[in-house]
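This report covers a helix crossing, a loop and a set of salt bridges. The sequence and the model come before the text.

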Amino acid sequence: MKNLVTGGAGFLGSHICERLLDQGHEVICLDNFFTGSKQNIAHLLGNPDFELMRQDVTDPFKVEVDRIYNMACPASPVHYQYNPIKTVKTSVMGAINCLGLAKRVGARILQASTSEVYGDPEIHPQPESYRGNVNPIGLRACYDEGKRCAETLFFDYHRENKVDTRVVRIFNTYGPRMSPDDGRVVSNFIVQALRGEDLTLYGDGSQTRSFCYVDDLVEAILRTMEQDETVGPVNIGNPVEFTIRELAEKVLDKVGSSSKIVEKPLPSDDPTQRKPDISLAKQALGWEPQVQLADGLELTIPYFRKAIGC
């Protein structure tokens, strides 16, 4: 198979490129390097089956491929709020360009959506049937609503133009190749602990998240692309729930840091609970996470130690 991975130099995209190459496929990595990094794919550049294409997904492009993984979009609040209009354009125009390509060449296409489509959920855990509780004019709306609109486009192209689509909703994911300054909670805590800085807890830390290790997530994405039971959306994440304070304490323990935990005001529209119902993933993909949080942190911390020189 010849695969296009948009956002292929990003955290998740680079792992997908690597896995596809390991399986013997050809990969075109498309990235504008706004949040992606050449370091993430440097080890792939010598592979004759790998091609790097510097390109913004919002600009039209033409390639001949069998599979498209649309992973292109800033995914952390720091990055997607930096230029919110650009974030919406990346989600919406990027989806249109990818879907148009898929329609033209007859490719199967997967959309990396997000648990953020559920907003601050009133149902817990969140099944795919839940329509969400999103603030359409809030600071996070550029990402939340951008991804919701991208899902709309995918299902309209599927219904109207018979495009072979798949949609996954990704919950909190962590692992090597996360950017140290992306502002996400796992990277924040690890970097702060390694530097001996106070760990910043927004609110009292009672809000909950589930954390999925990157290898588990990539396995689910590849399985979603290769199965025919459902077009989605499919929740992908770890259903084991932790408070943010528990995460901070686990990071301190794994790093061996004496850093303190300090509380700061909760950001606008920050969800109080986030946990996936993965019943569909278990049924359609035969998938559930294998890596526990404690083990995943041990695999992730050495990467950050090297990345920031601590």
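## Basis

The model is predicted, with local features requiring pLDDT of at least 70 and side-chain atom pairs counted only at pLDDT 80 or more, while totals for chains, interfaces and linings use all residues. Residues are numbered from 1 along each chain as its sequence is written, and side-chain values use heavy atoms, with hydrogens and water left out.

Helices (H or I, at least four residues) and strands (E, at least two) are DSSP runs numbered from the N terminus.

## Helices α8 and α10

The axes of α8 (residues 244-255) and α10 (residues 293-308) come within 10 Å and cross at roughly 60 degrees. Axes are lines fitted to C-alpha atoms, for helices over the stretch in contact, with angles from 0 to 180 degrees between N-to-C directions. This makes α8 oblique to α10; angles under 35 degrees count as roughly parallel, over 145 as roughly antiparallel, 65 to 115 as roughly perpendicular and the rest as oblique.

On the α8 side, the contact (heavy atoms within 4.5 Å) is made by L247, K250, V251, K254 and V255, and on the α10 side by L293, A294, L297, E298, I301 and R305. By class, the contact of α8 with α10 has seven nonpolar, no polar and four charged residues. Ala, Val, Leu, Ile, Met, Phe, Trp, Tyr, Cys and Pro count as nonpolar, Asp, Glu, Lys and Arg as charged, and the others, Gly among them, as polar.

## Salt bridges

The structure holds 19 salt bridges, each a side-chain nitrogen of Lys or Arg within 4 Å of a carboxyl oxygen of Asp or Glu. Accessibility is classed as buried under 20% relative accessible area, exposed over 50% and partly exposed in between (1.4 Å probe, protein chains only).

R148 is partly exposed at 27%, and E145 is partly exposed at 26%. In the salt bridge of R184 with D182, the closest N and O atoms are 3.1 Å apart; R184 is partly exposed at 24%, whereas D182 is buried at 1%.

## The loop between β3 and β4

K62 lies in the loop between β3 (50-54) and β4 (67-70) and is exposed, with 70% relative accessibility. Its C-alpha is 9.8 Å from that of G100, 38 residues apart in sequence.

A salt bridge joins R104 to E64, the closest N and O atoms being 3.2 Å apart. R104 lies in helix α4 (residues 84-105) and E64 in the loop between β3 and β4, so the pair ties together parts that are 40 residues apart in sequence. R104 is partly exposed at 46%, and E64 is exposed at 51%.
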